[in-house]
Every structure is written in structure tokens, then in C-alpha cells.
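Subject: Structure handover

Hello,

Here is the structure I said I would pass on.

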Amino acid sequence: MLKRIIIPLAIALPILGLLYVGLGRDTRELPSPLVGEPAPAFELTSLQDPDETVTKADFTGDLSVVHVWSSTCPVCHEDFPILERLSEQGVDVYAFNYRDQRQRALQYLKVRGNPYDKIAYDPEGEAGMDWGVYATPETYVIDDGTIVYKQIGPLNEQVVQEEILARAEAGS
């Protein structure tokens with residue numbers, strides 16, 4: 001009789017413990033092995049001009065923000081006012097248009113506005129894979145060619161202040 005209680009309990013307790021730990025984590029905080037590493041190299045066409053090539057060198061300066069978006073992303077446009085404000089404050093803002101159709105993305109920008117200095121067109125997501133993109137939107141902060149921060153999901157004021165503007169001010 002005692003075995004009928006102890007054995008299932010001995011099996012259930014470790015499983016419940018794992019569930020407790022796993023459910024308590026913030027799923028937006030996925031660790032990125034690229035933080036602290038040089039931004040991956042890429043060579044893509046410009047979204048606006050298929051004859052223009054965009055490379056890692058176009059995305060890396062003293063401090064820059066690289067935003068990964070798609071016209072099919074329901075929340076990507078929420079970041080546009082924040083990205084525009086960062087640009088107005090002197091932060092270079094670049095983008096990957098990720099797994100999208102060129103004409104659809106251009107129409108999206110025409111309607112929503114364009115907060116970016118340059119946009120690399122990544123229709124197959126090949127460069128995005130090298131950068132560790134999970135989904136759109138994602139935002140990377142690049143400092144002197146090194147990824148120093150990655151945000152999965154929409155930007156928020158805390159990220160802007162602590163991860164972007166604080167670094168921009170420290171570098172000034």
C-alpha cells in the first residue's frame with residue numbers, strides 16, 4: 001500500500017519541480033550566443049534598390065541598432081516611432097526585412113513610414129539565421145561591430161533607456 005503512494009510521488013515531484021522552474025522563466029529572455037560576439041557578415045541587396053548591395057560594414061559604426069521586421073509581423077510597426085526617435089537622437093538605425101516580399105514590404109513602409117537608414121532585404125532568412133533570428137520583431141544593439149544586446153519582441157522604454165541610449169551617451 002505504501003509503495004502505491006511513494007513510487008508515483010517519487011516520479012511526480014521531480015517533474016513538478018522542472019515545470020515550476022520552467023514556467024517561472026520569462027520566455028522573451030532567450031539567451032543569444034551572439035551577444036558579445038562580432039556581428040555576422042552578410043551580403044544582401046537593399047530593399048529599396050535591388051542594384052545596391054548592403055553588407056555588415058553598412059550596419060556597424062560606433063553604435064547602431066539593427067531591427068528585424070516583416071510586413072507580415074503584426075507588431076513590428078509598434079517599434080517604428082521608437083526607432084524614429086532613436087534616429088533623431090543620433091543613433092544609426094538599420095534593418096533586415098526578413099522573409100518578406102519586396103513589393104509588400106515597400107508598400108508597408110509607404111503606409112507606415114520608414115525609420116531606417118538602410119534596409120537589407122533577406123527574403124529567404126539566410127542572414128537572419130546567421131544572426132540568430134527567432135521571429136520578428138527582433139532588435140540588436142551593435143557597438144563597434146560587436147553585438148552587445150538582443151531584444152526579442154517589441155521594443156520598450158526600459159530597453160531604449162538602459163540598452164541603447166545609455167550606451168550612446170557613454171560612447172559620446
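Predicted model: local features only at pLDDT ≥ 70, side-chain atom pairs only at ≥ 80, totals over all residues.

Residues are numbered from 1 along each chain as its sequence is written, and side-chain values use heavy atoms, with hydrogens and water left out.

The sheet

Helices (H or I, at least four residues) and strands (E, at least two) are DSSP runs, numbered from the N terminus. Two strands pair if DSSP finds at least two bridges between them. On that basis there is an open sheet of 7 strands with mixed pairing, in the order β2-β1-β5-β4-β3-β6-β7. The edges are β2 (53-55) and β7 (146-152); each has a single partner strand, so one side of each is left without a neighbour in the sheet. On average, neighbouring strands are turned by 30° against each other, direction ignored. Axes here are lines fitted to C-alpha atoms, for helices over the stretch in contact, and angles run from 0 to 180 degrees between N-to-C directions.

Strand β4 runs parallel to β5, joined by 5 bridges, and also pairs in the parallel sense with β3, over 6 bridges. Y94 stands opposite K118 in β5, and N97 in β4 is the bridge partner of W69. Buried means under 20% relative accessible area, exposed over 50%, and partly exposed in between (1.4 Å probe, protein chains only). In β4, 6 of the 7 residues are buried, so the strand is largely enclosed by the rest of the structure.

Y140 stands opposite K150 in β7. The hairpin of β6 and β7 has 2 residues between the strands, and D144 takes a positive phi near 50° there. Although β7 is an edge strand, 5 of its 7 residues are buried.

Helices and cores

Contact means heavy atoms within 4.5 Å. Helix α4 lies across β1 (43-46), β3, β4 and β5, and runs at about 115° to β3.

A nonpolar core is a set of buried Ala, Val, Leu, Ile, Met, Phe, Trp, Tyr and Cys residues joined through side-chain atoms within 4.5 Å. The largest has 26 residues, and those with the most contacts inside it are L47, W69, L83, L86, L109, Y116 and I119. The elements giving two or more residues to this core are β3 (63-69), α3 (80-88), β4, α4 (102-112), β5 (118-122) and α6 (157-171). Not counting residues up to four places away in sequence, L86 touches V65, V91, V93, V160, I164 and L165. A second, separate core of 18 residues includes F59, F96, W131 and I147.

Aromatic residues

Rings of Phe, Tyr and Trp (its six-membered ring) pair if their centres lie within 6.5 Å; planes under 30 degrees apart count as stacked, over 60 as edge-to-face and the rest as tilted. The whole structure has 12 aromatic pairs. One of them is F96 with W131, edge-to-face, at 5.1 Å centre to centre and 70° between the planes. F96 lies in strand β4 (residues 92-98) and W131 in helix α5 (residues 126-131), so this pair ties together parts that are 35 residues apart in sequence. F96 is buried at a relative accessible area of 1%, and W131 is buried at 1%. W131 also forms an edge-to-face pair with Y140, at 5.2 Å centre to centre and 85° between the planes. Y140 is buried as well, at 0% relative accessibility. F42, F59, Y94, F96, W131 and Y140 form one aromatic cluster.

D58 is in helix α2 (residues 56-59) and is partly exposed, with a relative accessible area of 22%. Which residues does D58 touch, not counting those up to four places away in sequence? They are T53, Y94 and K118. With K118, the side chains make a polar contact at 3.2 Å. A polar contact is a pair of N or O atoms within 3.5 Å; within protein, one must be able to donate a hydrogen and the other to accept it, and residues adjacent in sequence count only if both atoms are side-chain atoms. The C-alpha atoms of D58 and K118 are separated by 7.8 Å, and the two residues are 60 residues apart along the chain.

Regards
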